[in-house]
Amino acid sequence: MDWTDYSGALFDLDGVLTPTAVIHRKAWSEMFNSFLAEHPGARAYTDEDYFQFVDGKPRYDGVRAVLADRGIAIDEGSPDDPPQAQTICGLGNRKNDAFVEILSRDGIGPYQGSQRLVDWLAAQRIEMGVVSSSLNAEAVLRASGLRSRFDVVVDGVVAAAEGLAGKPAPDTYLRGAQLLGLEPSRCVVFEDAVSGVAAGAAGHFGLVVGVDRGVGRDRLLASGADIVVDDLEEVIK
């Protein structure tokens with residue numbers, strides 16, 4: 001691709017810059033299958049549920065989507081619910097505890113191709129930001145050694161504080177572009193989730209690059225990706 005057409009790059013974090021999606025999938029699976037075991041007849045949670053209902057969305061939205069698919073209704077609760085609470089927020093907090101435990105124990109590093117692209121873009125003086133639904137984005141960026149590369153981070157904490165709608169709404173990506181001081185048409189969005197690709201397309205960004213980490217090329221294209229790559233190194237000029 002010709003980077004002379006663009007001045008900024010906005011990256012999703014989990015599954016794009018870092019392989020934290022693996023940790024997320026494990027944490028979601030542990031939480032949901034423990035919960036669903038208490039509901040006889042409920043279909044077990046699988047990675048397909050992750051890609052269809054959870055990937056790229058704010059945490060509580062993911063809980064709602066999976067339970068709605070199975071016709072299970074529970075109270076919403078509140079974000080300060082303990083992880084033992086049988087509420088939407090309680091289950092989301094239980095999943096987060098599992099994620100933090102795995103991240104603390106095992107650590108995380110960036111994808112090599114993603115590290116190369118970030119280094120190359122820095123050398124080209126392309127403005128860069130991270131746009132993630134995660135409430136743990138800052139911790140992941142620090143653990144991966146990437147935090148210093150990004151002047152702008154719009155994560156779940158920022159979205160909640162500013163009342164920004166989560167992906168697939170374009171609001172968080174539009175806020176990222178605004179903080180970079182750029183028009184969306186001058187920015188490239190990198191996303192591995194269907195909801196994130198849809199957000200980039202809805203925001204009319206200059207280019208939406210789907211990163212296929214398991215969702216599938218066809219689904220990313222159908223959701224609004226302009227191109228799909230298997231590794232970010234592929235877009236280095």
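As a predicted model, it is read with some care: local features need pLDDT of at least 70, side-chain atom pairs count only at pLDDT 80 or more, and totals for chains, interfaces and linings use all residues. Residues are numbered from 1 along each chain as its sequence is written, and side-chain values use heavy atoms, with hydrogens and water left out.

**Overall build**

The protein has 10 helices and 6 strands; helices (H or I, at least four residues) and strands (E, at least two) are DSSP runs numbered from the N terminus. Its radius of gyration, taken over C-alpha atoms, is 17 Å, close to the 18 Å that the globule rule (2.2 Å times the number of residues to the power 0.38) gives for 237 residues, so the protein is as compact as a globular protein of that length. Along the principal axes, the C-alpha atoms fill a box of roughly 55 × 35 × 30 Å. Of the 237 residues, 51% count as buried, meaning under 20% relative accessible area with a 1.4 Å probe and protein chains only.

**Helix α1**

Helix α1 covers residues 20-36 and reaches 24 Å from its first C-alpha to its last, close to the 24 Å expected at 1.5 Å a residue; the expected span is 1.5 Å times one less than the number of residues. Its buried residues include Ile-23, Ala-27, Trp-28, Met-31 and Phe-35. An α-helix has 3.6 residues a turn, so residues three or four places apart point the same way. The buried residues of α1 pack against α2 (47-54), α3 (59-69), α4 (88-106) and α6 (137-144).

Strand β2 (residues 127-131) is largely enclosed by the rest of the structure, because 4 of its 5 residues are buried.

| Pair | Sense | Bridges |
|---|---|---|
| β1 (residues 8-11) and β2 | parallel | 4 bridges |
| β2 and β3 (residues 152-154) | parallel | 3 bridges |

Gly-8 stands opposite Glu-127 in β2, while Gly-129 has Val-152 in β3 as its bridge partner. From β2 the chain crosses through α6 to β3, and this β-α-β crossover is right-handed: with the strands pointing away from the viewer, the path from the first strand over the helix to the second runs clockwise.

**Ser-114**

Ser-114 lies in helix α5 (residues 112-123) and is buried, with a relative accessible area of 1%. Leaving aside residues up to four places away in sequence, Ser-114 touches Val-16, Leu-17, Arg-213 and Leu-232, where contact means heavy atoms within 4.5 Å.

Conventions:
Buried < 20%, exposed > 50% of the residue type's maximum accessible area, 1.4 Å probe, protein only. Pairing = 2+ DSSP bridges.
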